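Please review the model shown here with attention to its sheet, its aromatic contacts and its pocket.

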Amino acid sequence: MPITEVHTKRISYEWGEVDFDIDIFPEIPAFLEIDIEHLPVLLDELLSKLGCDNKRQSFAGTEEIFAEYGKDYYTLFQIKN
């Protein structure tokens, strides 16, 4: 049984062999998600090409990203019965 429900927007891109997404959630700023598991280039090189090399970086899941902004993902999107 689901415990949370969130409606979000995701914009997906492919650049060569690189897949990445911009995720737009309520309550926090939009963020860029890059699948680094099979990344064909160095992450620093990719971030530089995207113009993101001087931006804040985090290796975290969605719940942890919300926590970085002082928000509790499960409380915000808990399904109320």
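The briefing below treats these topics in turn.

This is a predicted model, in which local features need pLDDT of at least 70 and side-chain atom pairs count only at pLDDT 80 or more, while totals for chains, interfaces and linings use all residues. Residues are numbered from 1 along each chain as its sequence is written, and side-chain values use heavy atoms, with hydrogens and water left out.

**Sheet**

- Three strands form an open sheet in the order 1-2-3, with antiparallel pairing; strands are DSSP runs of E with at least two residues, numbered from the N terminus, and two of them pair if DSSP finds at least two bridges between them.
- Strand 1 (9–15) and strand 3 are the edge strands, each pairing on one side only.
- From one strand to the next, the twist averages 25°, with axes taken as lines fitted to C-alpha atoms and angles running from 0 to 180 degrees between N-to-C directions.
- Seven antiparallel bridges join strand 1 to strand 2 (residues 18–24), and Trp15 has Val18 of strand 2 as its bridge partner.
- Ile22 belongs to strand 2 and counts as partly exposed at 28% relative accessibility; the class lies between buried (under 20% relative accessible area) and exposed (over 50%), with a 1.4 Å probe and protein chains only.
- The C-alpha atoms of Ile22 and Leu32 are 4.5 Å apart in space, although the two residues are 10 apart in sequence.

**Aromatic contacts**

- The whole structure contains seven aromatic pairs; rings of Phe, Tyr and Trp (its six-membered ring) pair if their centres lie within 6.5 Å, and planes under 30 degrees apart count as stacked, over 60 as edge-to-face and the rest as tilted.
- Phe66 and Tyr73 form an edge-to-face pair, because their ring centres are 5.4 Å apart and their planes stand at 70°.
- Both Phe66 and Tyr73 are buried.
- A cluster linked by ring pairs comprises Phe25, Phe31, Phe66, Tyr73, Tyr74 and Phe77.

**Largest pocket**

- The largest pocket holds about 640 Å³ of space; a pocket is an open set of points on a 1 Å grid over the protein atoms alone, where a 1.4 Å probe fits, with protein on both sides within 12 Å along at least five of seven lines.
- Its volume is the space filled by probe spheres set on the points, which are joined across faces, edges and corners.
- The lining has 21 residues, and Phe31, Leu32, Arg56, Gln57 and Ser58 lie nearest the centre; a lining residue has an atom within 4 Å of a point.
- Strand 3 gives the most to this lining, with four residues.
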